[in-house]
Amino acid sequence: MFHKDYSHGTNVKSSNVSEGESLTLTIDASIFEAVSKNLLAEIVSGDGPFVMAGAHLDSVEPGPGINDNGSGSSSVLELAVNMADMHLENNVRFALWGAEELGLLGSEFYIMDTSQTEFDGFPKAIQYSYR
């Protein structure tokens, strides 16, 4: 993932580079391995199928994490706390995804690691996202 803020783009645009001229971009980057985790929790109280609510835990580099996506993650946690003692018709699964800003890696791993039979029980999903 490569990111520069808007001011860098406007500086290049206003640098009087003519059409057909070349620009040189130098990138100082590092490659490293990291571990990311998903957090899953369930309320199993009903005979109905699972309903799922999820949000991602990571944030984009230039943005305030409380908005992207601290607000979504805290909403899912608050929903879980408030629903914990309820007797519900449906079962509820809560998911907090890791590494979503790097290409939806957490939710994609969950999809690939879950059997189709289990998905057949999911009629609905709610994804909390900051927009």
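The structure is a predicted model, in which local features require pLDDT of at least 70 and side-chain atom pairs count only at pLDDT 80 or more, while totals for chains, interfaces and linings use all residues. Residues are numbered from 1 along each chain as its sequence is written, and side-chain values use heavy atoms, with hydrogens and water left out.

Four helices and four strands form the secondary structure of the chain; helices (H or I, at least four residues) and strands (E, at least two) are DSSP runs, numbered from the N terminus. Their order along the sequence is α-β-β-α-β-α-α-β. Of the 131 residues in the chain, 27% are buried, where buried means under 20% relative accessible area, exposed means over 50%, and partly exposed lies in between (1.4 Å probe, protein chains only). The chain exposes about 9900 Å², of which carbon and sulfur atoms supply 55%; accessible areas come from the Shrake-Rupley method with a 1.4 Å probe, and for residues only the protein chains shown count as cover. Among contacts (heavy atoms within 4.5 Å) between residues at least 6 apart in sequence, 73% join residues at least 24 apart.

In soluble globular proteins, nonpolar side chains tend to be buried together. The largest nonpolar core of the chain consists of nine residues, namely Ile43, Ala53, Ala55, Val76, Met83, Leu88, Val92, Phe94 and Leu96. Strand S2 (50–56), helix H2 (66–83) and strand S3 (91–97) each contribute at least two residues to this core, and S3 gives the most, with three residues. A nonpolar core is here a set of buried Ala, Val, Leu, Ile, Met, Phe, Trp, Tyr and Cys residues joined through side-chain atoms within 4.5 Å.

Strand S2 is largely enclosed by the rest of the structure, because seven of its seven residues are buried. In a regular strand the side chains alternate between the two faces of the sheet. Both faces of S2 are covered, with Phe50, Met52, Gly54 and His56 buried on one side and Val51, Ala53 and Ala55 buried on the other. S2 pairs with S3 in the parallel sense over seven bridges, pairing requiring that DSSP finds at least two bridges between two strands. Within this pair, alanine 55 stands opposite leucine 96 in S3.

The buried residues of H2 are Asp68, Asn69, Gly72, Ser73, Val76 and Met83. They cover an arc of only 105° around the axis, which puts them on the same side of H2; the arc is that of the directions from the helix axis to the C-beta atoms. These buried residues pack against strand S1 (39–43), S2 and S3, whereas the face of H2 turned away from its buried side carries the exposed residues Ile66 and Val81. In helix H3 (residues 105–113), Gly106, Ser107 and Tyr110 are buried. Their arc of only 95° around the axis places them on the same side of H3, and Phe109 and Met112 are exposed on the other side.

Arginine 93 lies in strand S3 and counts as buried at 6% relative accessibility. Its side chain makes a polar contact with the side chain of glutamate 42 (2.3 Å). A polar contact is a pair of N or O atoms within 3.5 Å; within protein, one must be able to donate a hydrogen and the other to accept it, and residues adjacent in sequence count only if both atoms are side-chain atoms.
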